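Please consider the following points alongside the coordinates. They are set out as a numbered note.

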Amino acid sequence: MKCYIRNMSAISPQPTFATDSFLTDVVETVVDANCLKAVEPDYKECIKEAGLRRRMSHVIKMGVASALNCVEGAQGAMPDAIITATGLGCLADTEKFLQSIVENDEKLLNPTSFIQSTFNTIGGQIALILKRQCYNFTYVHRGFSFESAVLDAMMQLEEGDASNVLVGGIDEVTDTEYRVMERMGFWRSGAKMGEGAQFFMLSSTVSSQDVAQISGLCTFLADTSDYSQKVQSFLASCGMTLADVDLVLSGECGDAKMDASLLSWKASIPANMPTATFKHLCGEYQTASSFGVWCAANILKNQMVPSALRPVGKSDNVRRILVFNSYRNKNCSLFLLEKVE
Amino acid sequence: MGSYVVGIGVISAIGNNVEENFDSLVSKRTGIGALTHFSTSHDVPVGQIDLTNDELKEMLGLPKAKTYSRTALLGMVAVKEALRDAGIDVHAGLRIGLISSTSAGGMDLSENFYVEMKGKKDGGRLRNVVSHDCGDSTEQIASALGINGFLSTISTACSSSANALMLADRLLNHDQLDVVVAGGIDPLCKFTINGFSSLMILDKELCRPFDATRAGLNLGEAAGFVVLQRNKPADGKKCYCRLAGYANANDAFHQTATSPDGDGPLLAMSGALKKAGIRPEEVDYVNVHGTGTGNNDQSEGTAMKRLFGENVPRFSSTKVYTGHTLGAAGGIEAVYSALAISRDVIFPTFNFKNPIEELAMKPETEVIRNAGIKVVMSNSFGFGGNVSSLVFSAE
Amino acid sequence: MEELISNLKVQLVESLNLEDVTPAEIDTEAPLFGDGGLGLDSIDALEIIILLEKHYGLHIGDPKEGKNIFYSVRTLAEYITANQK
């Protein structure tokens with residue numbers, strides 16, 4: 001199974017939206033040292049449908065704007081399937097409705113935040129705006145959410161039911177979540193929280209303007225003992241070995257305990273293997289791997305590894321990138337991306 | 001497409017296992033009644049599972065002191081039953097996946113966190129919030145039952161678990177897995193009771209699907225899972241039916257309402273039949289979404305008329321027994337569909353008096369045995385325009 | 001009546017989050033729902049029911065009852081005037 005990235009779009013804590021530059025002007029869009037907030041576009045410009053936009057919370061706007069931008073630049077491709085992924089969904093609306101239950105003692109509750117709180121809201125709104133009655137799915141499994149969405153998309157493309165699939169990973173940070181993570185000691189050892197919305201138009205056929213190719217992905221739980229074996233068999237399923245990989249792009253969050261499985265694998269790979277990391281730019285969240293894939297695809301397209309990604313080792317002529325993500329030392333995933341030849 | 005249903009498991013307001021559910025279904029015994037597990041200011045009947053969380057833990061042999069969301073506990077009961085029913089040994093080296101779905105996730109615990117947090121910056125017990133996300137229950141179930149293959153969780157409102165079965169079959173087709181346990185779970189909680197109340201679609205009486213006087217739905221809690229495998233089971237091995245076809249579409253009409261013409265539902269139903277290679281007239285029974293809201297039943301009925309013409313197959317809504325169990329609905333109704341085929345029976349909708357005038361459609365109101373059920377369609381429609389249909393057939 | 005009408009417009013803009021409309025721009029006589037007016041939908045109808053209960057102590061038990069009452073700002077104001085004690 002493989003597919004091509006026709007176009008992609010990212011709203012992230014970096015100036016990544018609607019720009020041709022690739023992480024050249026990294027900014028410190030931090031609330032404080034522990035939390036990265038997205039750089040947001042003017043949503044009135046991106047989402048013309050005022051009637052829908054007026055009810056949209058921050059995360060819905062991020063998701064919808066990123067999705068529409070992705071479709072817009074997708075060389076005319078319209079999605080035959082819309083697949084979204086989110087760990088916590090429309091968290092701010094969920095919290096708003098919960099708070100109103102508590103504060104109003106279950107009486108006279110405004111329905112809007114409840115309606116907007118469902119996990120499939122973003123996918124539904126994209127379908128409404130694009131007027132697409134096609135396949136529409138939402139995955140909500142922690143660090144496997146975006147991975148499930150891409151796997152589903154690749155199966156769709158192979159099944160032939162779809163020629164183009166719109167896939168996105170979206171999550172937001174809220175104040176309550178911030179406090180909860182703070183109390184859990186989340187960033188005591190260097191991790192940052194983050195948010196963002198990355199969308200990809202995946203296609204079954206190649207086009208000369210494609211950004212990159214996704215050649216495979218797999219997920220596994222971090223309790224698997226032999227990570228080298230996991231990586232090896234994944235690459236073998238793509239017809240490769242680690243020697244064929246030109247760059248490893250990994251998603252450590254900065255907390256050594258949470259990165260244990262990922263770091264133990266990195267310690268085992270040849271010392272001359274070029275590496276880079278991405279999570280210090282987007283922060284940690286359930287669907288942060290979508291930012292990793294966005295970075296990898298951009299490296300392949302632009303044929304350069306920005307210094308912002310902290311590259312180690314010389315890596316010119318990057319043709320294949322292995323993205324290794326781990327979430328809370330539990331959900332691990334591997335993506336293989338290749339340059340479109 | 002065409003994987004085999006080789007095991008089923010369910011816990012709902014009408015029983016803690018498959019046999020108890022079946023007995024209630026053929027005895028026209030509803031599980032809808034008073035809510036007792038927690039207090040709410042809304043005076044509405046619900047489909048509550050009478051076991052408390054402590055009783056569920058005891059049943060599952062879990063430590064009482066440990067905190068689990070009700071979502072995880074209900075899911076463990078149903079998945080355990082389904083695996084045992086299928087005779088699957090999780091340690092036998094098969095590639096086993098678990099695809100669960102839920103709309104509320106661990107909300108039954110996290111909503112308490114918000115109460116505790118009120119006015120206090122650091123209020124609220126953390127153990128009540130760590131299971132908030134939907135993936136938690138799936139991982140808890142997998143870990144409790146020793147499933148260590150592919151895990152995923154879907155949340156598309158009330159169509160969630162129908163979609164879980166769909167993904168399961170596709171993963172089997174792509175040879176990603178050998179066996180998949182797929183279904184869904186939702187517990188009753190204040191969040192959903194208040195949410196549906198704010199939409200003014202909770203009936204204060206027992207719900208009346210497809211009745212002219214219908215005034216909304218009753219909420220319920222449940223978990224329902226099926227075990228699917230690619231290959232036809234050997235002779236003598238258990239096999240309920242096949243998942244012959246399915247389709248997922250989006251109504252793309254409105255955020256909460258389904259289109260009055262039933263465009264989305266029609267796409268889902270006709271798509272599922274097409275995929276199964278089954279003609280509309282071959283459908284023997286439709287387990288309708290039939291929530292009892294004005295909008296759903298009108299839209300679903302209209303779509304059925306458009307698909308089946310004047311020969312609408314026998315149909316019923318089992319939500320009069322269980323209530324609308326949201327993300328679990330497609331899962332438990334898949335179990336009921338498997339039973340309808342394997343035991344050749346139609347479960348009735350009771351509490352029906354007068355058909356919706358413009359549709360003139362009448363659900364089955366009595367148990368029908370030896371009805372010759374070979375093909376069953378099961379519908380699940382939800383918020384956000386998500387609509388799904390599954391088609392099951394006798395082997 | 002005029003004061004009630006202008007209050008209602010402010011409350012509508014606020015509770016329905018009408019980002020692109022100011023209270024002054026709302027036509028008192030124009031239909032609130034459907035094309036040609038503010039383009040409100042069934043979710044807004046539920047919000048207006050809450051608004052009426054919160055601000056004016058009026059209870060509407062079934063959204064269907066609201067159909068004629070919610071036709072325009074004028075009809076809303078007339079309903080409030082007629083029913084408020």
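**Notes on the predicted model**

1. Leaving aside neighbours within four places in sequence, Ala77(A) is in contact with Arg6(A), Asn164(A), Met201(A) and Ser203(A); contact requires that the C-beta atoms of two residues, placed from the backbone, lie within 7 Å. Ala77(A) belongs to the loop between H3 and strand E4 (81-85) of chain A. Helices (H or I, at least four residues) and strands (E, at least two) are DSSP runs, numbered from the N terminus. Ala77(A) is buried, with 20 other C-beta atoms within 10 Å. A residue is called buried when 20 or more other C-beta atoms lie within 10 Å of its own, exposed at 12 or fewer, and partly exposed in between, with C-beta atoms placed from the backbone. Val165(A) is 88 residues from Ala77(A) in sequence, and their C-alpha atoms are 9.1 Å apart.

2. The model is predicted: local features need pLDDT of at least 70, side-chain atom pairs count only at pLDDT 80 or more, and totals for chains, interfaces and linings use all residues. Residues are numbered from 1 along each chain as its sequence is written, while chains are lettered from A and ligands numbered from 1 in the order in which they are written.

3. Chain A is divided into domain 1 (3-203) and domain 2 (212-338), with bounds from an automatic or database domain assignment. Their centres, taken over C-alpha atoms, are 22 Å apart. Domain 1 of chain A gives 39 residues to the contact and domain 2 of chain A gives 35. On the domain 1 side, the elements that give two or more residues are strand E1 (3-11), strand E3 (35-36), H7, strand E6 (164-171) and strand E7 (196-203) of chain A. That side has 20 nonpolar, 14 polar and five charged residues. Here Ala, Val, Leu, Ile, Met, Phe, Trp, Tyr, Cys and Pro count as nonpolar, Asp, Glu, Lys and Arg as charged, and the others, Gly among them, as polar.

4. Between chains A and B, 44 residues of chain A are in contact with 47 residues of chain B. Elements of chain A that each supply at least two residues to this side include helix H4 (91-103), helix H7 (145-159) and strand E8 (212-221). By class, the side of chain A that touches chain B has 22 nonpolar, 14 polar and eight charged residues.

5. H4(A) has 13 residues and reaches 18 Å from first C-alpha to last, close to the 18 Å expected at 1.5 Å a residue; the expected span is 1.5 Å times one less than the number of residues. Its buried residues include Phe97(A), Leu98(A) and Ile101(A). They are covered by elements including helix H3 (58-72) of chain A and helix H4 (107-117) of chain B. Just after H4(A), Asp105(A) takes a positive phi of about 50 degrees.

6. In chain B, Leu151(B) and Thr153(B) point one way from strand E5 (residues 151-154), Ser152(B) and Ile154(B) point the other way, and all are buried. Leu98(B) stands opposite Leu151(B) in E5(B).

7. Chain C has four helices and zero strands. The radius of gyration of chain C is 12 Å, close to the 12 Å that the globule rule gives for 85 residues, so chain C is as compact as a globular protein of that length. The radius is taken over C-alpha atoms, and the rule is 2.2 Å times the number of residues to the power 0.38. Eleven residues of chain C are in contact with ten residues of chain A.

Definitions and conventions: Two strands pair if DSSP finds at least two bridges between them.
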